[in-house]
Amino acid sequence: MLFLKLAWRNLFRNIRRTLLTVMLISCSLAALIISDGTIAGLVEKMENTIIRTLTGEGQIHHKDFMDDFDSDLMINNPDRVIDGIKTKTDVMDYAPRIMIGGMIASSYNMTGGLIYGVDPERELNVSRIKDALIAGEYLSGADRQILMGKRMAELLEVTLHDRIVLTVAQVGTGETSQELFRLSGILEFGPREMDERFAFINLATAQRLIASEDGVHQIVVRFRDPALAKNREHPLYKSLTHGDIEAISWLDFNPSITSIIQISNFVTIILGGVLFFIVSLGVINSLFMSIYERIHEFGIAKAMGTTPGNIIQLVMLEALIITIVSCLLGGTIGYLSSSWFSVYGLPIGEFEVSGIAIDGSIKTKVLAQQFVLFPTYIVLITLAAALYPALFASRIVPAVALHGLYKGLYNGKCD
Amino acid sequence: MENVIETRDLCRYFGDEDVRVKALDHVSVEITRGEFTAIIGPSGSGKTTLLHLVGGLDNPTAGQVLLSSTNIADMSSAALSDFRRDHIGFVFQAYNLIPVLSASENIDYIMLLQGVAATERQHRVKEMLALVGLEGLGNRRPGHLSGGQQQRVAVARAMASNPDLILADEPTANLDSATGIALLDIMRDLNRNHGMTFVFSTHDQKIMDRAQRLIHLEDGQVVRDKSK
């Protein structure tokens, strides 16, 4: 208790130095919390942008379909798969789709694109196609409706209700099939690729167009809890994967995002490492300055019978108090800042990560681990850093300290 | 009389082979219980070095410092700390006290290290403050005490652990004459009435006048050892 009191009071001997050390540690912790929250927010935004916008959290498709989107590789008996999905209570909804590459032409221009045949009602719970609608009407199931991205519409120089001709190859025979549509809606997802290359028609129309009868290319799944989708061992994936059909998580069919998430974790580690290193140097510097100012006092204390262990205890307690105060302050600053950015967002403008356009602002994520793990790491790092000056202080030779000769010139040895 | 501490052929050399300074050269002295002794001599004669070696603050180059037949020069670091805590009280020239602790806490500190129970510590702190005439000033920190009062707290602290020997290194050097005399009178009373053993290192004539024994050092050697 005496050493705790002594340690506490020692911190007020040079308030400016103590405050600077506290600010260094607390600002580092706050920076780490905000950075981690920002990275988590960025990852979530990417997940939302790519996965929840269209690709879904889980997919069931022919195991070779994703290699080159060969339209012959279909789920020919989708009802059996859908019956399997319906038995999984973790699944919120599902949506069967046709995906075909084809030519999309207007009276003025033509382009290649990816045409999705979708069930408009089911897509409402699985994707955000309807949310991306900026003009016209969403699909109703009627024939000849087509939605396309804003950039594609601009390229084809079409407006609502203009005529569009789709040309695709039929399944099996490869014969060309062509149909006329009327542009019923224009979409804006954000990512450039989606707005330039994607078009959407009704599922039944698509099946007729490619002569696939009931077959679909993929069934997209959305879970009640998005975190479940990342569990590769989930029963949905296990039970529906058989033969040529595979059921996989978005982690597997969106490897670029998975890589980005892994990189972002690495970035947090690097950032944390740099900040922890700076904190360590700051603590070592501060404690050494404090010890050098008190060498005579340590000499007196040791003359009275204070053991080297007592001295180590005292210096470590000083470091611990500084760290605890810093963590409380840094945690508060980090929490308030991160909470504010989680509501109002961190303005980042528009940029692309691995071809994924991210725009607007990132809403930071406030996570419990940021306030448990990071302060724990800071405490451990600080105590480890404090050990060096503490050992130095414990080895101060009383006779030398009392002579005021502590400059390493003394060849005497006592303790 | 019982020896409190004894040195045998005690040597302390500084520097290397080329530039060797013999701070102490084969010094043998015996300090018996209840002495009020002054080690005197010119600057650089080895007074403080002898005090440090006797107090276990430094290790000798050669020779022995014996406490009850135990050579403290052979003790480990931790054992030396315990030895100082339990057997030796120190009063230094200045900046004696821990500045962030009050007078009472400074006296309490050493007893805490000894593991004395809280109630006994409180009683002893009051007793020590009364002995040095500082009743009512226990809550003041050193910065709010005069130099003389600080030295009196240092004496009280040195006595608090009930040591065999109190070593005082120029205790009056930073005090004015009247304050120095008052402090010496306190120490002399403690010596006479409580049997405390004091050894001073000093240039101060006032201490020499009051000392029962004068050990005169020159060039690291005892040139005179005279009891009054």
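**Fold and charge pairs**

Reader: Among contacts in chain A between residues at least 6 apart in sequence, what share joins residues at least 24 apart?
Author: The share is 75%, where contact means heavy atoms within 4.5 Å. Please note that this is a predicted model: local features need pLDDT of at least 70, side-chain atom pairs count only at pLDDT 80 or more, and totals for chains, interfaces and linings use all residues. Residues are numbered from 1 along each chain as its sequence is written, chains are lettered from A and ligands numbered from 1 in the order in which they are written, and side-chain values use heavy atoms, leaving out hydrogens and water.

Reader: How many helices and strands does chain A have?
Author: Chain A has 16 helices and 14 strands. These are DSSP runs numbered from the N terminus (helices: H or I, at least four residues; strands: E, at least two).

Reader: What box do the C-alpha atoms of chain A fill?
Author: Along the principal axes, the box is roughly 100 × 45 × 35 Å. The radius of gyration of chain A is 32 Å, whereas a compact globule of 415 residues would have one near 22 Å. That radius is taken over C-alpha atoms, and the globule rule is 2.2 Å times the number of residues to the power 0.38.

Reader: What percentage of chain A is buried?
Author: Of its 415 residues, 53% are buried. Buried means under 20% relative accessible area, exposed over 50%, and partly exposed in between (1.4 Å probe, protein chains only).

Reader: Which residues of H8(A) are buried?
Author: They are Leu203(A), Thr205(A), Ala206(A), Gln207(A), Leu209(A) and Ile210(A). Because six of the eight residues of this helix (residues 203-210) are buried, the rest of the structure largely encloses it. The cover over these buried residues includes strands E2 (91-105), E3 (110-118), E6 (163-169), E7 (176-187) and E8 (198-202) of chain A. After H8(A) comes Ala211(A), with a positive phi near 55°.

Reader: Turning to charges, how many salt bridges are there over all chains?
Author: The count is 26, a salt bridge being a side-chain nitrogen of Lys or Arg within 4 Å of a carboxyl oxygen of Asp or Glu. Asp93(A) and Arg122(A) form one, with their closest N and O atoms 2.5 Å apart. The pair links distant parts of the chain, since Asp93(A) is in strand E2 and Arg122(A) in helix H5 (residues 120-126) of chain A, 29 residues apart. Asp93(A) counts as buried at 8% relative accessibility, whereas Arg122(A) is partly exposed at 25%.

Reader: Which residues of chain A are linked in a network of salt bridges?
Author: Asp143(A), Arg144(A), Glu179(A) and Arg208(A) are linked in this way.

Reader: And in chain B, how far apart are the closest N and O atoms of Arg213(B) and Glu35(B)?
Author: They are 2.9 Å apart, in a salt bridge. Arg213(B) is in strand E10 (residues 213-218) and Glu35(B) in the loop between strand E3 (30-32) and strand E4 (36-40) of chain B, 178 residues apart. Both Arg213(B) and Glu35(B) are buried.
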